[in-house]
Amino acid sequence: MNMIQKVRLDTQLASLSPGPISYEENPKRTPLDPNTIFGSKEIWLEIGFGGGEHLIHQAKANPDLGFIGCEPFVNGVAMLLGKIEREGINNIRIYPGDVRDLFDVLPARSISKTFLLYPDPWPKKRHHRRRFVTPDHLWCLARVMQENCEFRIATDIEDYVRQTLSEVPDCGFDLIGDLKEGMHQSWLDWVPTRYEKKALREGRSPRYLSFIRNGAAIPEVF
Ligand SMILES: C[S@@+](CC[C@H](N)C(=O)[O-])C[C@H]1O[C@@H](n2cnc3c(N)ncnc32)[C@H](O)[C@@H]1O
């Protein structure tokens, strides 16, 4: 990270916080009030935004919506801050940490679209339960999403597709679209992320999956 990026982290990140989210800032896990973040605007969430290319693209294309991006990788956060400054974007808030902290404090049904783009693949079989597409993560996401709203997943890992198709529909979401054809076509408002470009260079094929939050009740443990 260069000096300018360090200065941006020190000076700009706090002003783009959606509110107290980490355990240090919010030990009682008091819920955030979405109205204090973006007024009555809809809020879209991107989990693990990496360098922030897709988040910036969506925020520019949808200036009337609010966006929360979550990313623990500090260099990625610094890259996003540079893009926000250069593009003059004012509808993104950033949580520089684990999305599970955010799930704790987001009210139920506060998010109207979620993007999970090239989540960490955890390729070893014994690590598959660490993937995002497992009930512990998915039910927490389902709780904060509004009914009939979209959850998009992109991945280049064949086995991640398998696990997604097996686990996501059991946790409050219905698959939409035609699997055979649709899975290979990017969304109309798509922009390739850094990770997707790398996957293509290395000969892996992207897959695009869309789900809709259905009316399934959240199990009590979540
Ligand atoms: C393979 S990278 C993809 C980055 C970006 N979405 C892209 O397509 O270029 C996965 C990203 O997810 C982030 N990530 C992993 N676990 C996370 C978590 N629990 N909460 C938020 N982000 C997470 C990682 O830090 C990493 O930047």
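Me: What does the secondary structure of the protein chain come to?
Reply: Nine helices and seven strands. Keep in mind that this is a predicted model.

Me: And the radius of gyration, how does that sit with a compact globule?
Reply: The two agree, because a compact globule of 222 residues would have a radius of gyration near 17 Å, and the protein chain has 17 Å.

Me: What box do the C-alpha atoms fill?
Reply: Roughly 45 × 45 × 35 Å, taken along the principal axes.

Me: How much of the chain is buried?
Reply: Buried residues are 34% of the 222.

Me: What share of the contacts with a separation of 6 or more comes from residues 24 or more positions apart?
Reply: 79% of them.

Me: Buried or exposed?
Reply: Buried, because Tyr118 has 21 C-beta neighbours inside 10 Å and the cut-off for buried is 20 or more.

Me: What about phi of Tyr118?
Reply: Near 55 degrees. That is a positive value in a residue other than glycine.

Me: Which other non-glycine has a positive phi of about 55 degrees?
Reply: Arg29 has one. Arg29 sits in the loop between helix 1 and helix 2, with helix 2 at 34-38.

Me: Is Arg29 buried or exposed?
Reply: Exposed, because Arg29 has 11 C-beta neighbours inside 10 Å and exposed means 12 or fewer.

Me: Now Asp156. Where is it?
Reply: Asp156 is in the loop between strand 5 (145-155) and helix 7 (158-167).

Me: What does Asp156 contact, leaving aside neighbours within four places in sequence?
Reply: Tyr118, Ala199, Arg204, Ser205 and Pro206.

Me: How far is Asp156 from Gly203?
Reply: They are 9.7 Å apart in space, C-alpha to C-alpha. In sequence, 47 residues separate them.

Me: Where is Arg129?
Reply: In the loop between strand 4 and helix 6. Tyr118 lies in the loop between strand 4 and helix 6 too. Arg129 counts as exposed, with 11 C-beta neighbours inside 10 Å.

Me: How far apart are Arg129 and Gln163?
Reply: 9.9 Å from C-alpha to C-alpha, and 34 residues in sequence.

Me: Switching to helix packing. How do helix 1 and helix 4 pack?
Reply: Helix 1 (residues 3-12) and helix 4 pack at an angle of about 80 degrees, and their axes are 9 Å apart. That makes helix 1 roughly perpendicular to helix 4.

Me: Which residues meet there?
Reply: From helix 1, Gln5, Arg8, Leu9 and Gln12. From helix 4, Val77, Ala78, Leu81, Gly82 and Glu85. By class, that contact has four nonpolar, three polar and two charged residues.

Me: Which residues of helix 3 are buried?
Reply: Glu53, His54, Leu55, Ile56, Gln58 and Ala59, in a helix that runs over residues 53-61.

Me: Last one, Ile212. Where is it?
Reply: In strand 7, residues 207-213. Ile212 is partly exposed, with 16 other C-beta atoms within 10 Å.

Me: What does Ile212 contact beyond four places in sequence?
Reply: Asn148, Cys149, Glu150, Phe173, Asp174 and Ile176. The C-alpha atoms of Ile212 and Asp174 are separated by 5.2 Å, though the two are 38 residues apart along the chain.

Key. Residues are numbered from 1 along each chain as its sequence is written. This is a predicted model: local features need pLDDT of at least 70, side-chain atom pairs count only at pLDDT 80 or more; totals for chains, interfaces and linings use all residues. Helices (H or I, at least four residues) and strands (E, at least two) are DSSP runs, numbered from the N terminus. Axes are lines fitted to C-alpha atoms, for helices over the stretch in contact, and angles run from 0 to 180 degrees between N-to-C directions. Angles under 35 degrees count as roughly parallel, over 145 as roughly antiparallel, 65 to 115 as roughly perpendicular and the rest as oblique. Two residues are in contact if their C-beta atoms, placed from the backbone, lie within 7 Å. Ala, Val, Leu, Ile, Met, Phe, Trp, Tyr, Cys and Pro count as nonpolar, Asp, Glu, Lys and Arg as charged, and the others, Gly among them, as polar. The radius of gyration is taken over C-alpha atoms; the globule rule is 2.2 Å times the number of residues to the power 0.38.
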